[in-house]
Amino acid sequence: MEELNQTLFLLINANANPNPTLLDAAIVCAELLIFLIPISLLLGWLRGDEQTRKLMLEAVVAGVVGLSISLVIGMLWNHPRPFVIGLGSNLLAHSPDSSFPSDHLTLQWSVAFSFLLHQRLRKIGLALSLLGLPMAWARIYLGVHFPLDMVGAALVAIISARLSHRCAPWLIGPLFRCVSRIHGLVFAPLIRRGWMTK
């Protein structure tokens, strides 16, 4: 399996002198697409009704669970990144921590898959899921991940989205009340002026 992982990596990984336009596109995909997750969650919270806000919290829980699982896997099994073993080209500065699974893609897909579980968020969930594909390609292309790191991220994301969805009936209600109180305190001046809903 590791031989296949490395072979696929070398097929996708950039050469030593990549096309500058392709390199720039890869860097954007690898480092900036992830910001669509907090932006989506924040907009959903600020502009959504109570039900939408609860779904945003469920997605946040999925992301936290996904990253926690990823962290535990990395602690239990330290799989070296390609550049650590001198394989291929590394075009993105990164710490030499465990590569499996990809934290970026785990977060992206945990939230996206959580959205997919709800009819009202399915379109944005699909869009965020599809945007995970160029992110996955870019992080392999730039030399910081193996292809199987992305498969691992997908599996962890599926598990975390399902777990958060199963726990939602007893978890999200109390969490929503707590976060709503914090929201009311932080944004009190804007709420009083009618610029934001409570």
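Predicted model: local features only at pLDDT ≥ 70, side-chain atom pairs only at ≥ 80, totals over all residues.
**Ground rules.** Residues are numbered from 1 along each chain as its sequence is written, and side-chain values use heavy atoms, without hydrogens and water. Local features need pLDDT of at least 70 and side-chain atom pairs count only at pLDDT 80 or more, while totals for chains, interfaces and linings use all residues.

**Helix pair.** I looked up α4 (residues 50-76) and α5 (residues 103-116); their axes come within 8 Å and cross at roughly 150 degrees. Helices are DSSP runs (H or I, at least four residues), numbered from the N terminus. Axes are lines fitted to C-alpha atoms over the stretch in contact, with angles from 0 to 180 degrees between N-to-C directions. The crossing of α4 and α5 is right-handed (near helix turned clockwise from the far one by less than a right angle). I noted the contact (heavy atoms within 4.5 Å): α4 gives residues including M56, A59 and L67, and α5 gives residues including L107, V111 and F115.

**Patch.** I found V28, L32, F35, L36, I39 and L43 making a nonpolar surface patch of about 520 Å². Patch residues have over 30% relative accessible area and no salt bridge, with nonpolar side chains joined within 5 Å; areas are Shrake-Rupley with a 1.4 Å probe, and only the protein chains shown count as cover for residues. Helix α3 (residues 36-47) supplies the largest share, three residues.

**Salt bridge.** I counted three salt bridges (side-chain nitrogen of Lys or Arg within 4 Å of a carboxyl oxygen of Asp or Glu). In one, the closest N and O atoms of D49 and R120 are 3.1 Å apart. D49 sits in the loop between α3 and α4, and R120, 71 residues away, in the loop between α5 and α6.

Technical notes
Helix = DSSP H or I, 4+ residues; strand = E, 2+ residues; numbered from the N terminus. Patch = residues over 30% accessible without salt bridge, like charges linked within 9 Å, V, L, I, M, F, W, Y side chains within 5 Å.
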